[in-house]
Amino acid sequence: MLDVAVIDRPGAAEASLDPIRQRILAELAVPGSASSLAPRIGLTRQKVNYHLRILEDHGLVELVEERKRGNMTERIMQASAASYVISPAAMSALAPDPGRFPDQLSARWLVTLAARIVREVGELIAGATAAGKPLASFAIDSDITFATAADRAAFAGELGESINSLVAKYHDGNSEGGRKHRLVVALHPSLTTPQTITTQAIDAPETEK
């Protein structure tokens, strides 16, 4: 089971949005069958099987094992991931384009950038998994409290200058063997209580998760 799976197909997105199927996916964090799920969800085994088939068709649940029970075969299923994110690729005709209205001070542009990250990294994960190769990425998630709006503006200015300096130092557009990377830095008000700074680097193949 993956920690997070990115859904990029319209059919899979539609299947995952059904409230009953979401409940089934949550229950299948631990392997189970239609028979074991039915009483917990409040549906008949036949109806649970119906939803399981749809989820399986879209790769949202996977067969763990089959057990013989008399004349019947019980199929033990598990969700393919602990959590799911729907990529804008699932709504390709409506997916936002950061290049249309770039504005560093626009919250909606920030959402557009975040949507692009989900779409692009989702595609990269799928490609790396299929190739059995590692996908290196890096992220920093932190909270900072500003005493004043002026401090926030000053911080944003210094951060921008520092990033531009690092880009100028390490960017080499003439390198034949170089690999292009995308860098996004975001700053927005927090919704929850402050968290400690966390830094995560991903260097292991997705297939090892």
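With a relative accessibility of 35%, Ile117 counts as partly exposed, because that category covers the range between buried, under 20%, and exposed, over 50%. The model in which this value was computed is a predicted one. Ile117 has its place in helix H5, which runs over residues 107–131, and together with Val121 and Leu124 this residue makes a nonpolar surface patch of about 210 Å².

A contrasting case is found in helix H1, residues 10–17, where Ser16 lies. Ser16 has a relative accessible area of 8% and is therefore buried, and if residues up to four places away in sequence are not counted, Ser16 touches Ile7, Gln22, Leu60 and Ile86.

From single residues we can turn to the way helices are arranged. Two packed helices are described by the distance between their axes and by the angle between those axes. For helix H3 (residues 34–41) and helix H4 (residues 45–57), the axes come within 8 Å and cross at roughly 110°, which means that H3 is roughly perpendicular to H4. On the H3 side the contact is made by Ala34, Ser35, Leu37 and Ala38, and on the H4 side by Arg45, Val48, Asn49 and Leu52.

Helix H4 also meets helix H2 (residues 19–27), and here the axes come within 10 Å and cross at roughly 80°, so H2 and H4 are likewise roughly perpendicular to each other. In this contact H2 contributes Ile20, Arg21, Ile24 and Leu25, while H4 contributes Val48, Tyr50, His51, Leu52, Ile54 and Leu55.

Key. Residues are numbered from 1 along each chain as its sequence is written. This is a predicted model: local features need pLDDT of at least 70, side-chain atom pairs count only at pLDDT 80 or more; totals for chains, interfaces and linings use all residues. Side-chain values use heavy atoms; hydrogens and water are left out. Patches are made of residues with over 30% relative accessible area and no salt bridge: like charges are joined within 9 Å, nonpolar side chains (Val, Leu, Ile, Met, Phe, Trp, Tyr) within 5 Å. Accessible areas come from the Shrake-Rupley method with a 1.4 Å probe; for residues, only the protein chains shown count as cover. A salt bridge is a side-chain nitrogen of Lys or Arg within 4 Å of a carboxyl oxygen of Asp or Glu. Helices (H or I, at least four residues) and strands (E, at least two) are DSSP runs, numbered from the N terminus. Buried means under 20% relative accessible area, exposed over 50%, partly exposed in between (1.4 Å probe, protein chains only). Axes are lines fitted to C-alpha atoms, for helices over the stretch in contact, and angles run from 0 to 180 degrees between N-to-C directions. Angles under 35 degrees count as roughly parallel, over 145 as roughly antiparallel, 65 to 115 as roughly perpendicular and the rest as oblique. Contact means heavy atoms within 4.5 Å.
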